[in-house]
Amino acid sequence: MSVLIELKDDRSEKIHYDNADYPIYIRHGILSRYPNYAAPSHWHDDIEFIVILDGEMNYNVNGEIINLRKGEGIFVNARQMHFGFSDSQTECEFICIILHPLLLCGLPAYEQDFIMPVIHSSTPFIFLDPNIDWQNNILEQLNFIYRCKEKRAAPLDVQSSFAAIWSLLYENIPLENNISNSKSSDLTIVRDMVGFIQKNYTQKISLNDIALSGAVGQSKCCKMFAKYFRQTPNNYLNGYRLNKSLELLCDNDMSVTEIALSVGFGGASYYAELFRKCFGKSPTEYRKSKLFKE
């Protein structure tokens, strides 16, 4: 069963929390369930943690790639572009925990003195090494969070462990805000360009259109997509269209040609060719597999 991450128009992920009343998301993940063994690049205001249970994968945070192996993990700060992937398409089993900092903001002073300094620090991510005591403590807390997720008092336990993790982050990372204006500007440009694609993917879009949406030249546009998404703007656009088509293929009332045209492809043959390259089967085969499961 494929995993599809739902994204908003600004490329931020729409988090489907475990409980609507608590901003907590805890999942066991398998990388092969994502198309081409790669999650789409995304960001959110929440804090994300990954713990590798078995195998390995690479993790891209703002264009920097970190290799994660069994027993290791990563902390990804708020509003950072990130995604996990495996170019070799090797399996990886992992825990994904997404928590909103609001869980720790019971008092305005907590938010001002302890939460915002970490979020606004110069630390977009931290590789969690089990051989470093304070980082291993974080890994242990994350494993505890995963184990307690079914308990009746899970939100309380999660909040307690999240507070302990935050204390370790606060005490061990540099808190001065050294994020350069250029890095902040680049992230804004990237979000603008992918937001443009998401809003206009059903229309004919050129490389120049994408570049103009970020107020940059075509060359810089291509360099930024290579850094943040590891693909060309056109490949990103086609991938987004393909993912959108998966939703429509579950509706048996639309023909493959109608679906191809509705998501922005010029015709069914090119759509089917790209679909098979991406998912290993034709659109019709994918539709049959979904209908058979139902």
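Helix α2 (residues 133–147) packs with α3 at an angle of about 165°, and their axes are 10 Å apart. That angle makes α2 roughly antiparallel to α3, because angles over 145 degrees count that way. Keep in mind that this is a predicted model.

**The α2 and α3 pair**

- Two packed helices are described by the angle between their axes and the distance between the axes.
- The crossing in which α2 passes α3 is left-handed.
- On the α2 side, the contact is made by Trp134, Asn137, Ile138, Gln141, Leu142, Phe144 and Ile145.
- From α3, the residues making the contact include Val158, Phe162, Ile165 and Leu169.
- Sorted by type, the residues of this contact are 11 nonpolar, four polar and one charged.

**The buried side of α1**

- Which residues are buried in helix α1 (residues 108–119)? They are Ile115, Val118 and Ile119.
- These residues cover an arc of only 95° around the axis, so they lie on the same side of α1.
- An α-helix has 3.6 residues a turn, so residues three or four places apart point the same way.
- Helix α3 (154–172) is part of what covers the buried residues of α1.

**Leu261 in α8**

- Leu261 belongs to helix α8 (residues 256–262).
- Its relative accessibility is 47%, so Leu261 counts as partly exposed.
- Not counting residues up to four places away in sequence, Leu261 touches Gly266 and Gly267.
- Leu261 and Gly106 are 155 residues apart along the chain, and their C-alpha atoms are separated by 49 Å.

Key. Residues numbered from 1 in each chain as written. Predicted model: local features only at pLDDT ≥ 70, side-chain atom pairs only at ≥ 80, totals over all residues. Heavy atoms only, no water. Buried < 20%, exposed > 50% of the residue type's maximum accessible area, 1.4 Å probe, protein only. Helix = DSSP H or I, 4+ residues; strand = E, 2+ residues; numbered from the N terminus. Arc of directions from axis to C-beta. Contact = heavy atoms within 4.5 Å. Axes fitted to C-alpha atoms, helices over the stretch in contact; angles between N-to-C directions. Parallel < 35°, antiparallel > 145°, perpendicular 65-115°, else oblique. Left-handed = near helix turned anticlockwise from the far one by under 90°. Nonpolar A, V, L, I, M, F, W, Y, C, P; charged D, E, K, R; others polar.
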